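Good morning, colleagues. Please turn to the structure on the screen, and I shall take you through a few of its features.

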Amino acid sequence: MISLHSSAIKASLYGSFPSSLRSTLSVSFSAGSLIRLPSVGKRNLSVVVSSGRDSSMSSNNVSRGSSSKVAAESFFRSVLGQMETVYLNRNPTPKSVLELVRSVDDQQLCYDHLAFRTFGIGGYGIDSLASFFLDYGYTPMDELKFPAKKLRALWFAPPNASAVPGGSGVNGPLPRVFISELLVDQMSSQTQDVIRKYTEASPNGKKYAGLSSALGTLTWEKPLSSEFEQLARESEYAAWTLVNGYALNHVTISVHRLKSHLNKIKKLNQFLEEKGIKLNSEGGVLKVSPDGGLQQSSTVADSISFKFADGVIKSIPCSYIEFAERLVLPQYQNIPESEIQESHRRDGFEVGNADKIFESTFQEQLSRRTG
């Protein structure tokens, strides 16, 4: 355990946050409080078993290592749980969708992946969030490029970890993580100026990306409404990130892991549309990879009321929920269905699918929702 109990240390850490985040944290840093952070280093314990006292010491080391791993995973899932709570409190559609699916399929509901958006500038990009997941055993995988949208993304594979017995969502099998970033240096000088204005005014904010997501708080100050509009004219992704920051952009239900008839994405889409849920129609409701192995769909993002720094209140796009069905790879088609594991299914992501899923927060889709 690392204990932060010195008032000088706490004051230094507290002062590194912008005022918007400091107000949220004021209780945590009150006089006499003690913050404990779990030790989560990715050390391998090399144990040489011998006789006598050495053997006993090795056994104790293994026991302590196992206990530390359990504590670290519990902390990690707690953070994911808080991110999920903020997401569901802000977005009624994902909450309704999860309730609808559970009304039919009340067994374990698993997440395929969690997705985040970032600004690729000054350390605020993919790395700012990736470090949190890498510390807990995630592995960086493939890069995806979206030149028309001036974006890039990386996805991260989860470590092998047991799901909490009967656990759903973030307490189920650990999900993949998909983090994208805006290629800021490819934007106009006006848009770059706005993004730099807020990221450079909060130079330490990038260190607390995971904390920001869990608290639902920006690490920079609220922008002016005119700045939001400037970004929206050039990149709706940029405008979304300016006002939502590191908030969960979406969670994705693992459709093939459902136990009911909804475990086929076409049936799930039909079920949701019959319940009045608007799905993203860009490129067709169902997005299918060229190999046919990855099939995805998503809802249209919810909107929330946002008060800008100049006092203007606008409705802005928030988050949505996605659905993914990963089909069994050709080489495993002869394996009995009861023996099929996630490793037998199509992994990774597809640029063509993801490119259309991004537009779940775009105005064209949002206008369909209210039309």
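Beyond its neighbours within four places in sequence, Tyr138 is in contact, meaning heavy atoms within 4.5 Å, with Phe76, Phe133, Phe156, Ala157, Pro158, Pro159, Leu174, Pro175, Arg176 and Val177. A word on the source: this is a predicted model, in which local features need pLDDT of at least 70 and side-chain atom pairs count only at pLDDT 80 or more, while totals for chains, interfaces and linings use all residues. Residues are numbered from 1 along each chain as its sequence is written, and side-chain values use heavy atoms, with hydrogens and water left out.

Tyr138 lies in the loop between α5 (126-135) and β4; helices (H or I, at least four residues) and strands (E, at least two) are DSSP runs, numbered from the N terminus. Is Tyr138 buried or exposed? Tyr138 is buried, with a relative accessible area of 3%; buried means under 20%, exposed over 50%, and partly exposed in between, with a 1.4 Å probe and protein chains only.

Lys150 belongs to the loop between β4 and β5 (151-157). Lys150 has a positive phi of about 60°, although it is not a glycine. Its relative accessible area is 27%, which makes Lys150 partly exposed.

I turn now to the sheet. It is open and built from 8 strands in the order β4-β5-β6-β3-β7-β12-β9-β8, with mixed pairing; two strands pair if DSSP finds at least two bridges between them. At the edges are β4 (139-146) and β8 (287-288), each pairing on one side only. Strand β7 (residues 250-254) runs parallel to its partner β12, over 5 bridges. Ile253 has Phe323 in β12 as its bridge partner. Helix α10 (residues 265-274) packs on the sheet and touches β9 (294-298) and β12; its direction makes about 155° with that of β12. Here axes are lines fitted to C-alpha atoms, for helices over the stretch in contact, and angles run from 0 to 180 degrees between N-to-C directions.

Finally, the cavity lining. The residues lining the largest cavity include His113, His250, Tyr320 and Glu322; on a 1 Å grid over the protein atoms alone, a cavity is a set of points where a 1.4 Å probe fits but cannot get out, and lining residues have an atom within 4 Å of a point. Two or more lining residues come from each of β12 (320-326) and α11 (351-357).

Terms used. 1 Å grid on protein atoms, 1.4 Å probe; cavity = no way out; pocket = protein on both sides within 12 Å on 5 of 7 lines; lining within 4 Å.
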